Amino acid sequence: MTAKTPSELRDLVRGEVIAPEDDGYDDARKVHNGMIDKRPAVVVRAANAGDVMTTVRYARDNGLELAVRGGGHSGPGFGTCDGGVVIDLSAMRGVRVDPRAKTARAEGGTTWGDFNAATHAFGLATTGGIISTTGIAGLTLGGGVGYLTRGCGLSLDNLVSADVVTADGEMVVASETENPDLFWALRGGGGNFGVCTSLEYRLHPVGTVYWGPMFYEIEEAGKILKFFDEYIETAPREMGGFPAFQIAPPLPFIPENRHGDMFAAIVACWSGDPEEGARQFKVFHDIAEVKAEHVGPVPYPAINGAFDGLFPTGIRQYWKGNFVKELTDEAIAVHVEHGAKAPSVSSTMHLYPVNGACKDVAPDATAYGHRDAKYSMVIIAASDNPADDAANTAWVRGYSDAIAPYSETGGYINFMDADDAGRSKANFGANHDRLVRIKGRYDPENLFHVNQNIAPAKSERRSAEDRAKVPEPTG
Ligand SMILES: Cc1cc2nc3c(=O)[nH]c(=O)nc-3n(C[C@H](O)[C@H](O)[C@H](O)COP(=O)(O)OP(=O)(O)OC[C@H]3O[C@@H](n4cnc5c(N)ncnc54)[C@H](O)[C@@H]3O)c2cc1C
């Protein structure tokens, strides 16, 4: 039976069903980016995979727009929609660690904060984002870059399997052995293929890391970028992190008279033995004088929350991203000119290295289409003041336009904004056409289109027999 109204839906699902007239609707419709102000017809805060199946069928059978929300961090606000149905997975955040197999299975609404705390207790971790409130699902399905990327690969390289509710409202397992085409597409194709109610990851022995931000005078920015580029080419894989432009926040480790000044920065993370990390960090002190730093041994989950204060829920954001194969002197000059003008403490450019272990995976082994890039670059402007929106957006666009000649046309789909919908082909690179075919197979009507969308091939619909297969339980 399919529900026809939100009240009928209430009888079928265990989680909360929140409509505009209900208390809590204004909270339920919010996503992380405060610039997004959408009013869905109903938000279903799913309690389990069954709720997700029922709600997918409700949206499909009633011809309603459907948005899926994991951590709600999508810059363009893909975790909500106007007038349609939102499946909000924020009540599904259980994590089960198997220390013998070194794997963890986490529900689809888990955040990196949830995940890292659960695995850290076992001395294990996997590649995740740098902010604790970001969802594991959205981040992983698009790629997943963070401090551990060079040693452990992208987040998606560590995905072992997923339980997926497809556009039919049925549950399938995706792994190397079950529905391998879907598993391939999930790893880089974003939210296009269904709702992952749980994701299973490979874990690595990472406990206490040697980590921290180092601030240099902004006049040293060119030298810092040049050094980082040469260093990271061959640096040990235990070394992760990124160079950045950063206005000094009012933190105790920065001299008070420098709060608010613009700096060049490196945030580095050594994921091997922390004592060795202290030695490895010496290279960052040899480039130029470090004017302020906050480095030392830190439990991995703590570094994941260290910058949360710069990106609170509701902060207004605008994003652009490109892959970069080579950081030329001309590109560095553009960064120095534009990065130094970042308009607020939460606005920045980060160059995330995607070399090391990322390059161990063949370019066509997963849907992630840019294994040949050295960096995934992001430019983000963020502020809590709506009056800053126009200037912030203009800064991001001006920077992005200026650096475009020195970047790939494609970028990481998780660093795109709403006006990047036309970049799909370039973003998915050589894997785009196969993604189109698999999208046609699993979502021919494009039910899952509130995302960096892949238009489905019309000729690929799965047979009824295929769709009727009952999955084996996993986990
Ligand atoms: C403050 C901040 C910091 C960030 N830092 C990093 C970083 O360090 N590294 C990095 O790689 N990226 C980073 N990102 C980008 C991040 O990867 C994307 O915003 C990502 O989409 C967030 O996933 P989410 O689940 O939180 O978002 P949502 O808005 O919930 O979802 C994003 C997309 O994924 C889909 N989706 C979400 N959950 C599921 C699910 N369970 N099944 C199927 N589809 C789903 C949604 O439908 C949507 O299309 C950051 C973003 C923010 C705002």
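Domain bounds, for today, come from an automatic or database domain assignment. With that in mind, hello everyone: our chain is assigned domain 1 (14–88), domain 2 (95–205 + 429–446) and domain 3 (208–418).

Some housekeeping. This is a predicted model, so local features need pLDDT of at least 70 and side-chain atom pairs count only at pLDDT 80 or more, while totals for chains, interfaces and linings use all residues. Residues are numbered from 1 along each chain as its sequence is written, and side-chain values use heavy atoms, with hydrogens and water left out.

Let's look at domain 2 and domain 3. Their centres, taken over C-alpha atoms, lie 24 Å apart. Domain 2 brings 40 residues to the contact and domain 3 brings 45, where contact means heavy atoms within 4.5 Å.

How much area is buried between domain 2 and domain 3? About 3100 Å², with carbon and sulfur atoms giving 57% of that. Buried area here is the accessible area (1.4 Å probe) that two parts lose on being put together, summed over both. On the domain 2 side, Ile130, Tyr147 and Arg150 supply 32% of what that domain buries against domain 3, more than any other three residues.

Now the charges. The count between these two domains is one salt bridge, meaning a side-chain nitrogen of Lys or Arg within 4 Å of a carboxyl oxygen of Asp or Glu. Asp157 forms a salt bridge with Arg371, and their closest N and O atoms are 2.7 Å apart.
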